[in-house]
Amino acid sequence: MAANDTRIEGNTLLLGDGVRVRFIRTLRLPETGTHRLPPGLGEFPLRRVEDHPDTVPEQWRAKGGVMLPVHLREAMWLSFAGSPEPSALQVGVGKVCAISGEKWTGKLSRRPQNYVVLPRQPWLDGINSGKGTVRQFVAVPLGMGATVEGQVTGEETVGGLQLQAFPLAPKPRAAWREEQRRLAEERARHRAAAPRPPAGGGYGAPPPMPLAAPAGAPPAPGAAMGIGAGGSMRQEVYQDDRKARDWSDTPEARVFVHLVTPPEWRRITGEEPPPSPVDRAAYTRAGLPWYDYFDADGTDLAPSDALADVKPVGEWLGDDLDPWTPPAPHQITPLGPPPPPPGAPVADGDW
């Protein structure tokens with residue numbers, strides 16, 4: 001196992017020098033139709049597994065990594081804002097690649113591409129299941145067959161999320177850093193006063209007013225949770241335009257992300273989990289924003305055949321009782337393309 005350089009800073013995961021990941025709570029989309037990008041409703045809290053050796057399950061201690069609390073059928077997206085250096089990031093859901101739909105290999109591949117390129121990819125909301133669309137990441141218990149892992153592999157033994165980051169190879173990385181240094185000097189020489197942009201807003205910004213949460217769904221049985229597929233939204237997963245040899249053969253960091261039910265979070269950490277998320281009808285009725293993102297220079301990856309066949313979690317968990325209120329045109333906010341010292345390192349393990 002390679003050396004691991006993973007840390008937690010607040011609720012942000014730092015993987016090596018180039019990757020910053022936040023896990024964002026969001027509205028769960030309807031499982032029919034294709035929708036706008038839903039808003040961010042705050043960050044999931046992160047804790048290191050090794051900080052709770054007496055209360056986490058034994059198999060979690062062996063895998064190491066971090067954990068976060070999530071409600072049954074709650075949706076999330078991964079924010080990569082603030083990732084400074086070019087990096088190739090693999091994202092696994094129960095050790096199934098969320099980009100290619102193939103089983104986790106731990107190595108970069110271009111045929112098919114099994115990673116996203118940062119900072120080009122600003123976020124990832126789900127599995128690469130359609131042309132120009134993804135299906136939302138939704139938390140479900142293991143053992144029902146509803147997870148992406150269960151539908152693609154026929155087994156549910158892993159659960160959680162897996163992340164692994166590869167930096168540029170030494171020569172391309174040195175060249176990129178030198179180019180950034182030169183550009184910074186040039187900007188410093190030509191910097192002119194400019195009006196400050198308005199504060200706040202943007203995809204992932206918390207709602208500007210508090211909203212009442214609905215009655216919580218019944219908790220999932222046990223602590224073992226995985227990722228299923230939710231509603232479909234417009235989002236491209238961008239093709240890598242670098243040469244394959246530009247990337248290092250060795251990952252800089254990796255981490256296993258355990259998904260914990262609220263009761264288990266209380267038992268393990270002694271902390272209260274975030275409340276059940278607000279329902280989407282109340283959010284939309286309040287006039288709060290949804291989002292559109294378009295990158296004219298990016299090329300969308302073809303969808304994965306395996307992931308295109310994944311059925312949404314409603315097939316197992318029943319009809320969605322959260323009413324759907326479409327956002328009005330004035331609520332759609334278009335978005336364009338955006339760092340403190342590291343915290344304690346996160347231990348890696350065997351997975």
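Buried means under 20% relative accessible area, exposed over 50%, and partly exposed in between, using a 1.4 Å probe and protein chains only. This is a predicted model, in which local features need pLDDT of at least 70 and side-chain atom pairs count only at pLDDT 80 or more, while totals for chains, interfaces and linings use all residues. Residues are numbered from 1 along each chain as its sequence is written, and side-chain values use heavy atoms, with hydrogens and water left out.

**View 1. The whole chain, before we zoom in.**
The protein chain holds seven helices and 18 strands; helices (H or I, at least four residues) and strands (E, at least two) are DSSP runs, numbered from the N terminus. Of its 351 residues, 53% are buried. The accessible surface of the chain is about 16100 Å², with 53% of that belonging to carbon and sulfur atoms. These areas come from the Shrake-Rupley method with a 1.4 Å probe, and for residues only the protein chains shown count as cover.

**View 2. Phe 23 in the largest nonpolar core.**
A nonpolar core is a set of buried Ala, Val, Leu, Ile, Met, Phe, Trp, Tyr and Cys residues joined through side-chain atoms within 4.5 Å. The largest one has 50 residues, and those touching the most other members are Leu 13, Leu 15, Val 21, Phe 23, Leu 89 and Leu 163. Contact here means heavy atoms within 4.5 Å. A second, separate core of seven residues has Val 49, Val 56, Met 67 and Ile 268 among its members. In soluble globular proteins, nonpolar side chains tend to be buried together.

**View 3. Asn 128, a buried residue in strand S12.**
Strand S12 covers residues 126-130, and Asn 128 sits within this strand. Its relative accessible area is 1%, so Asn 128 counts as buried. Beyond its neighbours within four places in sequence, Asn 128 is in contact with Ala 98, Ile 99, Thr 133, Val 134, Val 237, Leu 301, Ala 302, Pro 303, Ser 304 and Leu 307.

**View 4. An aromatic cluster of Trp 104, Phe 256 and Trp 351.**
Rings of Phe, Tyr and Trp (its six-membered ring) pair if their centres lie within 6.5 Å; planes under 30 degrees apart count as stacked, over 60 as edge-to-face and the rest as tilted. By this rule there are four aromatic pairs. In one of them, the ring centres of Trp 104 and Trp 351 are 5.8 Å apart with planes at 55°, so this pair is tilted. Phe 256 and Trp 351 have ring centres 5.5 Å apart and planes at 75°, which makes their pair edge-to-face. Trp 104 is buried at 16% relative accessibility, as is Trp 351 at 14%, and Phe 256 is buried at 1%.

**View 5. Arginines over aromatic rings.**
Stay with Trp 351 for a moment: Arg 254 lies over its face, at 4.1 Å from the ring centre. Arg 120 lies over the face of Tyr 238, at 5.5 Å from the ring centre. A charge sits over a ring if NZ of Lys or CZ of Arg is within 6 Å of the ring centre and within 35 degrees of the ring normal.

A salt bridge is a side-chain nitrogen of Lys or Arg within 4 Å of a carboxyl oxygen of Asp or Glu, and the count comes to 23. Glu 74 and Arg 25 form one of these, with their closest N and O atoms 2.7 Å apart. Glu 74 lies in the loop between strand S7 (66-69) and strand S8 (75-79), and Arg 25 in strand S3 (residues 19-26), so this pair ties together parts that are 49 residues apart in sequence. Now turn to helix H3 (residues 170-190), where Glu 185 and Arg 181 lie four residues apart, about one turn of the helix. Their closest N and O atoms are 2.5 Å apart in a salt bridge. Elsewhere, a network of salt bridges links Asp 17, Glu 85, Arg 173, Arg 177 and Glu 252.
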